[in-house]
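Please look through the structure shown here, with its sequence alongside, before reading on.

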Amino acid sequence: MRRASRMPLPAAIAEGLVVAVVVALPAAATFLLAPNREPGPPPGVVLDGPARRALDALPIRRGSGPLRADPAVDLTDPEAVARAYLVAAGSVVAADTGRTHLRAAAYAAPGSPPATVGTVVLNPPPAGQTRTAVVTALELVAVNRSNLRRGYLAWISTATGSPGALAVVDDVTAYVVLARQPDGRWLVVADTAELPDGGHD
């Protein structure tokens, strides 16, 4: 769904429109919700050559590196981590064209695709524009029996535009999978466009 907002971009952001560009990792979902597994990179989660050609995309290069986690985010609260991850992952600028970025890596489990590959930016904003968004709602949809993995459905509104210009607003949904770490932190191990299976094993 796309609509042209008549509010300037700063006003749109003030209304709560911040961002998320979500990497589609459906092949990893069942693995990542399986019980009693340590977080790690499942196979088949990075876009391969045929997939990139199908998307008419340039070869993907590594872009901007990781940032520190916001100290205001409680990393023992999985909902807070999911929201922070999605906002950081979706902080997209025109310079991200053809690149991944790791701005959300502080909220991702070490060794997982979100931490090592980062966010793949398939649809960057035009030059001089930025994309920001907000998680407007978050729903717990999958938990494994040991309560070490959780899947959330997120509703996200994104705003793309230049400062002082009209913002193009999109509404999207995404799933994020989080794993509880031995130190009690919850960290993202995948984001996906499809509902993971096996969340109640």
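**A capped helix and its surroundings**

Asp 77 caps the N-terminal end of helix 4, where one of its side-chain oxygens lies 3.1 Å from the backbone nitrogen of Glu 79; a polar contact is a pair of N or O atoms within 3.5 Å, of which, within protein, one must be able to donate a hydrogen and the other to accept it, and residues adjacent in sequence count only if both atoms are side-chain atoms. This is a predicted model, in which local features need pLDDT of at least 70 and side-chain atom pairs count only at pLDDT 80 or more, while totals for chains, interfaces and linings use all residues. Residues are numbered from 1 along each chain as its sequence is written, and side-chain values use heavy atoms, with hydrogens and water left out.

Helix 4 covers residues 78-89, and its 12 residues reach 16 Å from the first C-alpha to the last, close to the 16 Å expected at 1.5 Å a residue, the expected span being 1.5 Å times one less than the number of residues. Within helix 4, Pro 78, Val 81, Ala 82, Ala 84, Tyr 85, Leu 86, Ala 88 and Ala 89 are buried. Here buried means under 20% relative accessible area, exposed over 50%, and partly exposed in between, with a 1.4 Å probe and protein chains only.

The protein as a whole has 5 helices and 9 strands, which follow one another along the sequence in the pattern β-α-α-α-β-α-β-β-α-β-β-β-β-β. Helices (H or I, at least four residues) and strands (E, at least two) are DSSP runs, numbered from the N terminus. Of the 201 residues in the protein, 44% are buried. Among contacts with a separation of 6 or more, 67% are between residues 24 or more positions apart, a contact meaning heavy atoms within 4.5 Å.

What makes up the largest nonpolar core? This core has 22 residues, and those with the most contacts inside it are Tyr 85, Leu 86, Tyr 107, Ile 156, Val 176 and Leu 178. Two or more residues each come from helix 4, strand 6 (130-143), strand 7 (149-161), strand 8 (166-180) and strand 9 (186-192), and helix 4 gives the most, with 7 residues. Apart from this core lies another, of 5 residues, among them Ala 109, Val 177, Leu 187 and Val 189. A nonpolar core is a set of buried Ala, Val, Leu, Ile, Met, Phe, Trp, Tyr and Cys residues joined through side-chain atoms within 4.5 Å.

Leu 178, which lies in strand 8, is buried, with a relative accessible area of 0%. Although Leu 178 and Ala 82 are 96 residues apart in sequence, their C-alpha atoms are 7.6 Å apart in space. Leaving aside residues up to four places away in sequence, Leu 178 touches a set of residues including Pro 78, Val 81 and Ala 82, as well as Tyr 152, Trp 186 and Leu 187.

Gln 181 lies in the loop between strand 8 and strand 9. Is Gln 181 buried or exposed? With a relative accessible area of 8%, Gln 181 is buried, and its side chain reaches the backbone oxygen of Ala 179 at 3.0 Å.

Another loop, between strand 6 and strand 7, holds Asn 147, which counts as partly exposed at 30% relative accessibility. Most residues other than glycine have a negative phi. The phi of Asn 147, however, is near 55°, a positive value.

Leu 67 is found in the loop between strand 2 (61-62) and helix 4, and at 51% relative accessibility it counts as exposed. Leu 67 touches Leu 102, Arg 103 and Ala 106, not counting residues up to four places away in sequence. The C-alpha atoms of Leu 67 and Ala 88, 21 residues apart along the chain, are separated by 9.1 Å.

Confidence should be kept in mind throughout. The protein averages a pLDDT of 74, and 64% of the residues score at least 70, pLDDT being the predictor's confidence in each residue, from 0 to 100. Confidence is lowest in helix 1 (residues 9-14), at a mean of 38, and highest in helix 4, at 95. Over residues 1-32 the pLDDT is below 50, although this stretch has 107 contacts in the model beyond near neighbours in sequence.
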